[in-house]
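Morning, everyone. Please bring the model up on your screens. I'll keep this short.

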Amino acid sequence: MIAIFDYGAGNLQSVKNTLDAIGASYELTRDSAGLRRASKIILPGVGHFGQMMRALDDLGVRETLIRRIRGGVPFLGICLGLQALFTLSEEAPDERGLGIFEGTVARFQSGSLQSQERIPHMGWNQVTPCRKTHLLRDAGSSPFLYFAHSYYCPVVAATAATCDYIVPYTAVLESENVCGVQFHPEKSGVIGQTIVRNFIGN
């Protein structure tokens, strides 16, 4: 059973539409029981890091989610769902992330007045694999994908692909059963569907 965790994320319907489009069956869940039943877990996310972590705590699922991830259940975090895997975020310094990976999610710092790089990072941008990546299989050598974010994850050992916007940062993370993407596959057309299908099929 593929579980999409519903904590109130705004992109939930788009994620459901993508799974429908590729013919994947899934279940929405908002509790630990649903997470314990899941053979795969998708954590979508848009919005504020602190709000998300408080929502997970209010629903009483933080420890269950950590145990399931560390227990080997395939996990895909989308955008804020990727950022939640890290220890901290500058967006909410007093809130702890899930801590699966050490590191702090940082805010983009604007460059010179002449710079064309706006914050938030909105729109299509290129992703560059830095090693073999399961999620990007059949997605092209350096695909363009849709981003919408003001905060970014550091490059770590588990980084499988980067995007360069003001600074290089983690666009795709893969480590054994744990996957995460900073872009929105549910808004990235056919390539986005391919990426979700790769996760479902792994």
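One definition before the sheet: two strands pair if DSSP finds at least two bridges between them. Strands here are DSSP runs (E, at least two residues), helices likewise (H or I, at least four), numbered from the N terminus.

Now the ground rules. This is a predicted model: local features need pLDDT of at least 70, side-chain atom pairs count only at pLDDT 80 or more, and totals for chains, interfaces and linings use all residues. Residues are numbered from 1 along each chain as its sequence is written, and side-chain values use heavy atoms, with hydrogens and water left out.

Back to pairing. Strand 5 and strand 6, residues 101-107, run parallel over 3 bridges. Within that, Leu88 has Thr104 of strand 6 as its bridge partner. Which strands make up the open sheet? The order is 5-6-10, with mixed pairing. Strand 5 (86-89) and strand 10 (151-152) are the edges; each has a single partner strand, so one side of each lacks a neighbour in the sheet.

Zoom out. The protein has 6 helices and 13 strands. The C-alpha trace spans about 50 × 40 × 30 Å along its principal axes. Of the 202 residues, 56% are buried, meaning under 20% relative accessible area with a 1.4 Å probe, protein chains only.

Next, contacts, meaning heavy atoms within 4.5 Å. Among those with a separation of 6 or more, 69% join residues 24 or more positions apart.

Technical notes: Buried < 20%, exposed > 50% of the residue type's maximum accessible area, 1.4 Å probe, protein only.
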